[in-house]
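Dear colleague,

Here is the structure I promised to pass on to you.

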Amino acid sequence: MDPGFSLRYVRDDGAGRRPGTKSRAAAVTGSLTIVGLGPGTAGWITPAAQAALDAATDLVGYGPYVDRVPERAGLTKHASDNRVEVERASHALQMASEGRTVAVVSGGDPGVFAMAAAVFEALEAGPAEWRALPITVEPGITAMLAAAARAGAPLGGDFCAISLSDNLKPWEVVTARLEAVLAADLVICLYNPISKARPWQLGKALDLAAKHRAVTTPVLFARAVGRPDESLRILTLAEAVAAASTADMATLVMIGASSTRLIAREGAAPYLYTPRSVAKMPCATSQGRT
Ligand code: SAH
């Protein structure tokens, strides 16, 4: 069978069921929605995400995200610690299989370095019954899009996102990917740049960037975008290398491509942007560019 047709058929079923499993699936009453809460401000939660939160009987997630959703009658909150994503996802799937309407929450978009993949990891490894559950992902505004919007239009050309966390992948993989995208002249969005347990990775990543890109390349440190303590700093790559330790877990770091630039303004922060057109690849050297 044409795999496109097969995929459509399964998705159109509404409950992710395959043909021939209708009798068991008919008994399924619970559901699971993985909801993106956006970067912080309520105005950046989509109406569809809000509707999923309003319909939930149970809310599952990392404590600070669960705290963002107001208490109400009929809603039970299950807050958990960071770093227990797959256990949390399994708990959510189990509750859904028992008939609950479960919302799993993530900051930003749940599909970007967040709970949606953890739910599917748990689903893949878990009991077959879980596959009969309707699972929906409600997207949210991811940190790089919020940061880009605040700064101007730095993602106007080609770009990529890399998590600097080496909890789930070896650091050699991170550096190999960084080398590749630095050579490709993409704007690079760095998630999870630094934490108490990972104090040096951002410095290393920026050092590597300075070997490939001009030291005048703009670098954005966007912290807590959409929250009351939001701050944006636009540095040169040379300044960013020196300032790496001033980033924290709430910071999104964006390294410009060769065409990323500033539009200066009198008495106001400059706009940061990357034009849509590219004439040719810049010639990088292993000694960095000036
Ligand atoms: N799912 C989230 C990302 C989770 S990884 C999303 O789509 O945004 C966590 C990392 O995201 C943080 O270390 C930081 O790099 C970035 N981040 C999350 N919220 C942010 C915010 N409000 N401002 C800046 N960066 C943020």
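Helix 5 (residues 85-97) and helix 6 (residues 115-125) pack at an angle of about 70 degrees, their axes lying 8 Å apart; axes here are lines fitted to C-alpha atoms, for helices over the stretch in contact, and angles run from 0 to 180 degrees between N-to-C directions. Helices are DSSP runs (H or I, at least four residues), numbered from the N terminus. This is a predicted model, in which local features need pLDDT of at least 70 and side-chain atom pairs count only at pLDDT 80 or more, while totals for chains, interfaces and linings use all residues. Residues are numbered from 1 along each chain as its sequence is written, and side-chain values use heavy atoms, with hydrogens and water left out.

Helix 5 and helix 6 are therefore roughly perpendicular to each other, a term that covers angles of 65 to 115 degrees. On the helix 5 side, E85, V86, R88, A89, S90 and L93 meet M115, A118, V119, E121, A122 and L123 of helix 6, where contact means heavy atoms within 4.5 Å. The residues of this contact divide into eight nonpolar, one polar and three charged, with Ala, Val, Leu, Ile, Met, Phe, Trp, Tyr, Cys and Pro counted as nonpolar, Asp, Glu, Lys and Arg as charged, and the others, Gly among them, as polar.

As for disulfides (pairs of cysteine sulfur atoms within 2.5 Å), a search of the whole structure finds zero. The sulfur of C160 has its closest cysteine sulfur in C189, 7.0 Å away, which is too far for a bond. C160 is buried, with a relative accessible area of 13%, and C189 is buried too, at 0%; buried means under 20% relative accessible area, with a 1.4 Å probe and protein chains only.

Best wishes

How values were computed: Helix = DSSP H or I, 4+ residues; strand = E, 2+ residues; numbered from the N terminus. Parallel < 35°, antiparallel > 145°, perpendicular 65-115°, else oblique. Buried < 20%, exposed > 50% of the residue type's maximum accessible area, 1.4 Å probe, protein only.
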